[in-house]
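Biologist: Please take one part of this model and go through it closely. What surrounds it, and what does it touch?

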Amino acid sequence: MLTSVKSDVLKVLADPLRLQIVTLLARESLCTTHLVEETGARQTNLSNHLKVLREAGLVDAEPCGRWTYYRLRPEALSALAGELTHLATVAQETAESGGRKRSC
């Protein structure tokens, strides 16, 4: 079963802009200026979304002069992927065995 922490991460990733940010950060570290250019979102909006992503443990911030670069934390996504893979495996095994039903 997904833990509440992992379900919170799924809620965070359910936002289209945050998912776009995560997708961009999977390829390279970017600053807010780059993310504004790539997404077309306003800087304040991006900053709020980046804060949510950092609090969820998906993104790290790295100060670099007057800029802050953001990078994806792959281990956070790997943990979530592991949980989802486990659920898929259990569902597949259940389906292959003819399924289970609780009696009413």
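Modeller: One definition comes ahead of the rest. With a 1.4 Å probe and protein chains only, a residue is buried under 20% relative accessible area, exposed over 50%, and partly exposed in between. The model is predicted: local features need pLDDT of at least 70, side-chain atom pairs count only at pLDDT 80 or more, and totals for chains, interfaces and linings use all residues. Residues are numbered from 1 along each chain as its sequence is written, and side-chain values use heavy atoms, with hydrogens and water left out.

The part I will look at is helix α3, residues 32-39. Helices (H or I, at least four residues) and strands (E, at least two) are DSSP runs, numbered from the N terminus.

The buried residues of α3 are Thr-32, Leu-35 and Thr-39. Looking down the helix axis, these buried residues fall within an arc of 60°, so they line one face of α3. The arc is taken from the directions that run from the helix axis to the C-beta atoms. Just after α3 comes Gly-40, which takes a positive phi of about 80°.

What covers that face? The cover over the buried residues of α3 includes α2 (16-27), β1 (30-31), α4 (43-55) and β3 (67-72). Contact here means heavy atoms within 4.5 Å.

Take Leu-35 in α3. At 0% relative accessibility, Leu-35 counts as buried. Leaving out residues up to four places away in sequence, Leu-35 touches Ile-21, Leu-24, Leu-30, Gly-40, Leu-46 and Leu-50. Ile-21 is 14 residues from Leu-35 in sequence, and their C-alpha atoms are 7.3 Å apart.

Thr-32 also belongs to α3. Its relative accessibility is 12%, so Thr-32 counts as buried. With residues up to four places away set aside, Thr-32 touches Gln-43, Leu-46, Ser-47, Leu-50, Thr-68 and Tyr-70.

β3 also holds Trp-67. Trp-67 is partly exposed because its relative accessible area is 40%. Beyond its neighbours within four places in sequence, Trp-67 contacts Cys-31, Thr-33 and Glu-62. Trp-67 and Thr-33 are 34 residues apart along the chain, with 8.8 Å between their C-alpha atoms.

Now the helix pairs. Two packed helices are described by the angle between their axes and the distance between the axes. Axes are lines fitted to C-alpha atoms, for helices over the stretch in contact, and angles run from 0 to 180 degrees between N-to-C directions.

α3 packs on α4 at about 110°, with the axes 10 Å apart. That angle makes α3 roughly perpendicular to α4. The classes are roughly parallel under 35 degrees, roughly antiparallel over 145, roughly perpendicular from 65 to 115, and oblique for the rest. The α3 and α4 crossing is right-handed. A crossing is right-handed if the near helix is turned clockwise from the far one by less than a right angle, and left-handed if anticlockwise. Thr-32, Leu-35, Val-36 and Thr-39 of α3 meet Gln-43, Leu-46, Ser-47 and Leu-50 of α4.

On α2, the angle with α3 is about 115° and the axes are 11 Å apart. This crossing of α2 past α3 is right-handed. From α2, Leu-17, Gln-20, Ile-21 and Leu-24 meet Leu-35, Glu-38 and Thr-39 of α3.

The two partners also pack on each other. α2 and α4 meet at about 75°, with axes 10 Å apart, which makes α2 roughly perpendicular to α4. Leu-17, Arg-18, Ile-21 and Val-22 of α2 meet Asn-45, Leu-46, His-49, Leu-50, Val-52 and Leu-53 of α4.

Leu-35 is also part of the largest nonpolar core, which has 20 residues. Such a core is a set of buried Ala, Val, Leu, Ile, Met, Phe, Trp, Tyr and Cys residues joined through side-chain atoms within 4.5 Å. Its members that touch the most others are Ile-21, Leu-25, Leu-35, Leu-53, Leu-58 and Val-59. Two or more residues come from each of α1 (4-13), α2, α4, β3 and α5 (74-96). α2 gives the largest share, five residues. Leu-53 touches Val-12, Arg-18, Ile-21, Val-22, Leu-58 and Val-59, not counting residues up to four places away in sequence.

A last point of reference is Val-90, in α5. Val-90 and Thr-32 are 58 residues apart along the chain, and their C-alpha atoms are 40 Å apart.
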